[in-house]
Every structure is written in structure tokens, then in C-alpha cells.
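Here is a short report for a first look at this protein. Keep the structure open beside the text while reading.

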Amino acid sequence: MEPNENGSGFYVIMHPASSNKFSGRFAIFTDKAYIETKRKISELFKLRQIMKILCVGDIVGSPGRRIFKTAVEKLRREIGLAAVIVNAENAAGGRGVTGAIAKELFDSGADVITLGDHVWDQRETASLLELETRILRPANLPPACPGRGWGVFKTDLGEIIVMALVGRTFMNPSDCPFRKADELLNGPIPRNGIVICDFHAEATSEKIYMGWHLDGRVSAVFGTHTHVQTSDAKVLPEGTGYITDLGMTGPIDSVIGREIAPVRHRFTTGMPSQFDVAKGPAVLEGCIFDIDRTTRKTLSAKAVRISET
Ligand SMILES: [Fe+2]
Ligand SMILES: [Fe+2]
């Protein structure tokens, strides 16, 4: 880990982008071609040609909301984000999202909120989704469900389209996410848009295949749900930015955001336990995609981790 420039106590780990041209992930800082790409991105960014989009992994409870606010303020100030997309399916005490908590996240810098399998954990979510178009539930839930699974959102650098899908392997039943993605991309989603997809799924294989399924048809695909960040942020051959899982934004000393003791009780006795959100320092995990506004391709995908410790 390297401390950031102003030494504010945060640590940022950014895994260098790897693209179809660069197979290495950790030893390519000296690679001439990589340096050239970095220079090109920097020039395009100055020309406002690059859209820098931060995607944030599942927010868990108040520790997650606290680090989200601080870290997003810092990243917006220091690197200039065009948009922030956050999965908030565990933001309300670990279970779903409420109207008040969604407002808190929007006030803290979120532009779009996505949800996952915990979408209906709070009773008010159904009516909230009808009113608040910036919150998305998975698009491949039964069509009669309230809310929407994709939307067009304005940023300072133009529109983006966000699409949310949920997986089927080791998950509750839902419609086929691959067919739903095809249906949306071949149907109502505007052509030539910058499309970013949150694929909320358990199995790495299902998420990895979604990356290949959508390569060249959307600008970026990121996975959520497992709360563990993967080290495979990259650009696929046809220009789609990809990471298997963004990770978690929540308490560090925990079991994917929950207190350790009840989980210990559950695993060692097989007895039911109540899983409350853990306390203590938090971490934000996510990925930044640098997307060329003209080609709609991702030029760089970097995993981000910002910790309070
Ligand atoms: Fe989930
Ligand atoms: Fe989650």
C-alpha cells in the first residue's frame, strides 16, 4: 500500500489497468506502451474527453455510509469524477435501503444507486422505487415488480446509462440475466450510449461470462454481492471495462460486514443467529473506469480501496 499524496490517513490501492495490450497487472508501470496509454488518458482527461466513473461495492450499514461520504468527497476533489454508481443493497443496517438512507447517499455524492438480492428487505422499498428513478433494482426480476432495472442519467460530461442485473447461480430464482441484457440492449436502451452494468451475482464464473457476453456492447461491467474485491480489474478485448467484484464498503473487522461473534455461533453450532452490522473502522472498495466519450470504450479500469486505518 502506498499512502496518498496528502497523507490524510487514507490509503489508496489502485491496481494498474490491464488491457488487451497488457497482460501484466502489477509490473507494468515501466512498460513503455502502458506509460503511453497513461499519457494519452491524462491528455484526454484534460480535454474532458474521458469520463471517470467510480463504482462502489455494497455499502454495509452506517460504517459503510460514513466511509462512502468521506472517500467520495476526497476522490471527487482529487481526481474529478464524472459519476458515482453505488450498490446500496446492505446500506440500511445490512438489509436493503430506505428513503432516508438513499437521500443520505445522494447527498454524500452518489448519482445512481443499484440494489441486488436484498432489494425487498425494507417494506418501503417498493414505493420508493416507484418514486425515485435514481435507484435501480435488478432488471431481470419478474416484470410485475415495482421499479426499473435501467435508466439514463445526466452527468457534467454527458449521459450515462446504468443497467442492473442479478445472477441465477446460487441465488434466488430470476429471469435469465443474459437474455434480459440482450433484450434491453437490442430494445429500449438507446444505441450509442455509455452503458454500465452492475451484475449482482454469487458465482465468479457467471460474472466473468457476463463480461465476455457484453464485451464491446457496453462500456463497463462490474460484479457485486460477494463483498470481497477481486484483483482482476481490466479492459476486455473489445473495450469493455471489467471487474468480477467491486468488494464491500463497510466495517473491516467483520464477516462480510457482520459482527464476527454471531457468525462464529452460527458456523460452530449450526444454530440461528442474528447478524448485526459490525462496528469499527471501515473500508471503501470499488473500481474507477476511464471511459472515452467518443468511442464509449474503457481505456483504464482500476480497483480502488480506501480505508480508515
Ligand atoms: Fe447481494
Ligand atoms: Fe451485498
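Six bridges join strand E8 (residues 150–155) to strand E9, and the two run antiparallel. Strands here are DSSP runs of E with at least two residues, helices are runs of H or I with at least four, and both are numbered from the N terminus. Two strands pair if DSSP finds at least two bridges between them. The model is predicted: local features need pLDDT of at least 70, side-chain atom pairs count only at pLDDT 80 or more, and totals for chains, interfaces and linings use all residues. Residues are numbered from 1 along each chain as its sequence is written, while chains are lettered from A and ligands numbered from 1 in the order in which they are written.

**The sheet**

A hairpin of two residues links E8 to E9. Thr155 stands opposite Gly158 in E9. On to E10: six bridges join E9 to E10, and this pair runs parallel. Val162 stands opposite Ile196 in E10. The chain crosses from E9 through helix H5 to E10, and this β-α-β crossover is right-handed. That term means that, with the strands pointing away from the viewer, the path from the first strand over the helix to the second runs clockwise.

Six strands form an open sheet in the order E8-E9-E10-E11-E13-E12, with mixed pairing. Its edge strands are E8 and E12 (234–235), each pairing on one side only. E9 (residues 158–166) is mostly covered, with seven of its nine residues buried. A buried residue has 20 or more other C-beta atoms within 10 Å of its own, with C-beta atoms placed from the backbone.

| Helix | Strands it lies across | Angle |
|---|---|---|
| H5 | E8, E9 and E10 | about 155° to E9 |
| H6 | E10, E11 and E13 | about 165° to E11 |

Axes are lines fitted to C-alpha atoms, for helices over the stretch in contact, and angles run from 0 to 180 degrees between N-to-C directions.

Which residues of H6 (residues 204–214) are buried? They are Glu206, Lys207, Met210, Gly211 and Leu214. These residues cover an arc of only 145° around the axis, so they sit on the same side of H6. The arc is that of the directions from the helix axis to the C-beta atoms. Their cover includes H5 (177–186), E10 (195–200), E11 (220–224) and E13. Gly216 follows H6, and its phi is positive, near 90°.

**Ile243 in E13**

Ile243 belongs to E13 (residues 241–243). Ile243 is buried because 28 other C-beta atoms lie within 10 Å. Leaving aside neighbours within four places in sequence, its contacts include Phe222, Gly223, Thr230 and Cys287. Contact means that the C-beta atoms of two residues, placed from the backbone, lie within 7 Å. Ile243 and Phe222 are 21 residues apart in sequence, yet 5.0 Å apart in space, C-alpha to C-alpha.

**The whole protein**

The protein has seven helices and 16 strands. Of its 309 residues, 47% are buried. Among contacts with a separation of 6 or more, 65% come from residues 24 or more positions apart.

Terms used. Buried ≥ 20, exposed ≤ 12 C-beta atoms within 10 Å, placed from the backbone.
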